[in-house]
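Colleague: I would like to learn how to read a protein model feature by feature. Could you take me through one, giving the general idea before each case?

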Amino acid sequence: MKLDTELCRLFQIRYPIFLAGMAGGPVTVRLAAAVSNAGGLGTLGGAYMAPEELRAAIRELRELTDAPFGVNLFSVQAADDNSRTEEVQRELNEMRKQLGISPASGEAVQSPDYFEQQFAVLIEEQVPVISTAFGVLPAHMMKQAKDQGIRIVAMATTVQEALLAEQAGCDAIVAQGSEAGGHRGTFDISSRPMGANIGTMALVPQMADHVRVPVIAAGGIMDGRGLVAALALGAQGVQLGTRFLTSIESGAHEAYQKMLLSGNEESTVITKAFSGRPARGMKNSFIEMWDKRGIEPLPFPTQNTATRDIRNAASKQNNPDFMSLWAGQGLRMLTSGQSAASIVEEIIHQAQSILLNTNR
């Protein structure tokens, strides 16, 4: 078993480590650049960025690294559903009271739909890698990207989704196990309201057995032991998100990071309360209050837009009880004050040591 896998050659990186494209602020340009410079593939979470903001971030990233990098988008175009907005806003107003911010009315919520413009920016800026969550690129976008030599990666939570991604033309597939933090990458949540939640150890070998393109393991992987285990299961590399949330370059709020460092394997739950799509994060007052209400959140992206003022106010008040604290289940292995480069180096050194001892 070697760390120089087919994935490394395909994406022109030294080490088979991808940074997860965590949208909403945790992945800064500095963090993505640091991972790429350290030999992995840094990925910018671009899903919530306005097109020109995304363009500026890509150009700044290029100033910080000559190495390959990726940009992650949500491959979904969903219109707002305001049929129950008044009901949901009444419940959310109870949380706004806790933060001392103005209540919201029952008026229709309007979410920005940037997907086509975001994709156009990625094409114009000729980014090396595009990764997607919630599905694959539409056929015309896939062709446009492939014609430019851009590598395409999709996140999948089942073997069937992986087969669809391979058929669509993806160059690699992230096998997102249930341990992973953040949004579940499940393509269709209408039949799986809380997403497909198959553990990484069960998902990776089955996916690797059924697709020809490289599989990237994600979910609960925090160190060199996880990397070696993933390779043994048939993956060609790993994707880590939570591991980098407490790095020096992380954009995660200080209160968020403190919560992460105090957490353990029992601290997270899968919830739709913040965004309307299932996502794994640390349980806090927002989730507990919402669950007690017993009502269904609005669909994505409407719920995400409706809760934004609450999350923003919580951030300004340094109050993690009302933030979305996305995180995976490997929290005991987090460290504080470590650079992204040293995290990559530590993972690789540990993996090399394990492989060396195994081969003796």
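Predicted model: local features only at pLDDT ≥ 70, side-chain atom pairs only at ≥ 80, totals over all residues.

Colleague: Which residues of α2 are buried?

Modeller: Two terms come first: helices (H or I, at least four residues) and strands (E, at least two) are DSSP runs numbered from the N terminus, and buried means under 20% relative accessible area, exposed over 50%, and partly exposed in between, with a 1.4 Å probe and protein chains only. Helix α2 is mostly covered, with seven of its nine residues buried, and these are Val29, Leu31, Ala32, Ala33, Ala34, Val35 and Ser36. Just after α2, glycine 39 takes a positive phi of about 110°.

Colleague: How should I read the packing of α2 (residues 29-37) against α3 (residues 51-64)?

Modeller: Two packed helices are described by the angle between their axes and the distance between the axes. Axes are lines fitted to C-alpha atoms, for helices over the stretch in contact, and the angles run from 0 to 180 degrees between N-to-C directions. Here the axes of α2 and α3 come within 9 Å and cross at roughly 40°. Angles under 35 degrees count as roughly parallel, over 145 as roughly antiparallel, 65 to 115 as roughly perpendicular and the rest as oblique, and α2 and α3 are therefore oblique to each other. Their crossing is right-handed; a crossing has that name if the near helix is turned clockwise from the far one by less than a right angle, and is left-handed if anticlockwise.

Colleague: Which residues make the contact between these two helices?

Modeller: Contact means heavy atoms within 4.5 Å. From α2 the contact is made by Val29, Arg30, Ala32, Ala33 and Asn37, and from α3 by Ala57, Glu60, Leu61 and Leu64. By class, the contact of α2 with α3 has six nonpolar, one polar and two charged residues, where Ala, Val, Leu, Ile, Met, Phe, Trp, Tyr, Cys and Pro count as nonpolar, Asp, Glu, Lys and Arg as charged, and the others, Gly among them, as polar.

Colleague: At what angle do the axes of α4 and α11 cross?

Modeller: The axes of helix α4 (residues 85-99) and α11 come within 11 Å and cross at roughly 145°, and α4 passes α11 in a right-handed crossing. The contact is made by Val88, Glu91, Leu92, Glu94, Met95 and Gln98 of α4 together with Phe286, Met289, Trp290 and Arg293 of α11. By class, this contact has six nonpolar, one polar and three charged residues.

Colleague: How many disulfides are there by the distance rule?

Modeller: A disulfide is a pair of cysteine sulfur atoms within 2.5 Å, and by this rule the count comes to zero. The sulfur of cysteine 8 is 19 Å from the closest cysteine sulfur, in cysteine 170, which is too far for a bond. Cysteine 8 counts as buried at 2% relative accessibility, and cysteine 170 is buried with a relative accessible area of 4%.

Colleague: What should I look for in the backbone angles?

Modeller: Most residues other than glycine have a negative phi, and most peptide bonds are trans. In this model, phi of glutamine 12 is near 55°; glutamine 12 sits in the loop between α1 (6-11) and β1 (17-19), and is exposed, with a relative accessible area of 65%. Phi of glutamine 126 is near 50°, and that residue lies in the loop between α5 (115-124) and β4 (129-133). A cis peptide bond joins phenylalanine 300 and proline 301, with omega about 5°, and proline 301 lies in the loop between α11 (285-293) and α12 (302-306).

Colleague: Is valine 129 buried or exposed?

Modeller: Valine 129, in strand β4, is buried, with a relative accessible area of 2%. Not counting residues up to four places away in sequence, valine 129 touches several residues, including Phe11, Leu41 and Ile150. Asparagine 72 lies in strand β3 (residues 69-74) and is also buried, with a relative accessible area of 6%.

Terms used: Residues numbered from 1 in each chain as written. Heavy atoms only, no water.
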